[in-house]
Amino acid sequence: MAKAFREDTLDGFLTALGSTSPAPGGGAAAGLLAAQACALAEKVCALTATNKKYEGIREEAEAWKGIFQEARSIMLDLMDEDAAHFEALMAAYRAPKPEDEAGQSARTEAIQAALQKSAESPAQIAQTMADMMPLFTKVLEKGNTNLITDSIIAAQCAMAAVHAAILNVRINLKSIKNEFYVREMEDTIRSWEDACSAIDAVLTYQVTL
């Protein structure tokens with residue numbers, strides 16, 4: 001990559017996303033969804049903390065804002081990591097196949113390592129967003145009601161980021177031969193899905209416009 005995604009323009013990133021280049025791809029798109037979720041929640045927190053009507057939770061809202069701001073920055077870094085890991089995976093696949101058994105074994109090990117590495121960034125995106133679902137829920141329930149649509153969209157983007165990241169993890173799991181790693185990751189994926197289901201229930205049954 002020529003430069004970090006945080007240094008690029010939005011149009012530049014989307015142009016790269018829509019190009020024939022292997023990266024950025026779905027993992028970076030998941031990261032951008034997550035970053036947008038955090039930024040919108042950050043806005044709600046900022047306009048909650050500065051509103052006299054919400055003086056009672058001003059300190060809470062300020063603290064939440066800081067958490068979302070930090071998470072947003074982490075998501076941008078994970079977008080870069082995902083692209084770099086995917087390019088490394090493609091390089092491992094493109095490496096010439098040695099004729100000797102030792103060389104073939106080494107190439108297979110390199111591909112397997114690159115597959116697990118390629119799953120890391122989307123897994124971190126999903127884990128971070130899943131861990132933050134209770135905080136997104138607090139924003140929905142306690143945040144400035146004048147920004148209820150922003151709170152809802154933030155939650156929806158967070159869920160979409162998790163689901164997108166899961167897809168990127170699973171596509172790597174299909175080719176990973178380490179059965180213990182795969183089983184462990186599938187268990188973790190279920191916990192991410194449960195986190196999404198919990199906030200989706202709040203959106204469905206407790207949040208009204």
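Contact here means heavy atoms within 4.5 Å. This is a predicted model, where local features need pLDDT of at least 70, side-chain atom pairs count only at pLDDT 80 or more, and totals for chains, interfaces and linings use all residues. Residues are numbered from 1 along each chain as its sequence is written, and side-chain values use heavy atoms, leaving out hydrogens and water.

**View A. The surroundings of W192.** Skipping neighbours within four places in sequence, W192 is in contact with A123, A126, Q127, A130, V162, I166, V169 and M185.

**View B. The largest nonpolar core.** A nonpolar core is a set of buried Ala, Val, Leu, Ile, Met, Phe, Trp, Tyr and Cys residues joined through side-chain atoms within 4.5 Å. Buried means under 20% relative accessible area (1.4 Å probe, protein chains only). The largest one has 66 residues, and F68, M129, M133, F136 and W192 have the most contacts inside it. Helix 4 gives the most, 15 residues. Helices are DSSP runs (H or I, at least four residues), numbered from the N terminus.

View C. N172 is buried, at 6% relative accessible area. Leaving out neighbours within four places in sequence, N172 is in contact with L89, L115, S118 and A119.

**View D. C38 and C157.** There are 0 disulfides in the structure, a disulfide being a pair of cysteine sulfur atoms within 2.5 Å. For C38, the nearest cysteine sulfur belongs to C157, 10 Å away. C38 is buried, with a relative accessible area of 0%, and C157 is buried too, at 15%.

Notes: Buried means under 20% relative accessible area, exposed over 50%, partly exposed in between (1.4 Å probe, protein chains only). Helices (H or I, at least four residues) and strands (E, at least two) are DSSP runs, numbered from the N terminus.
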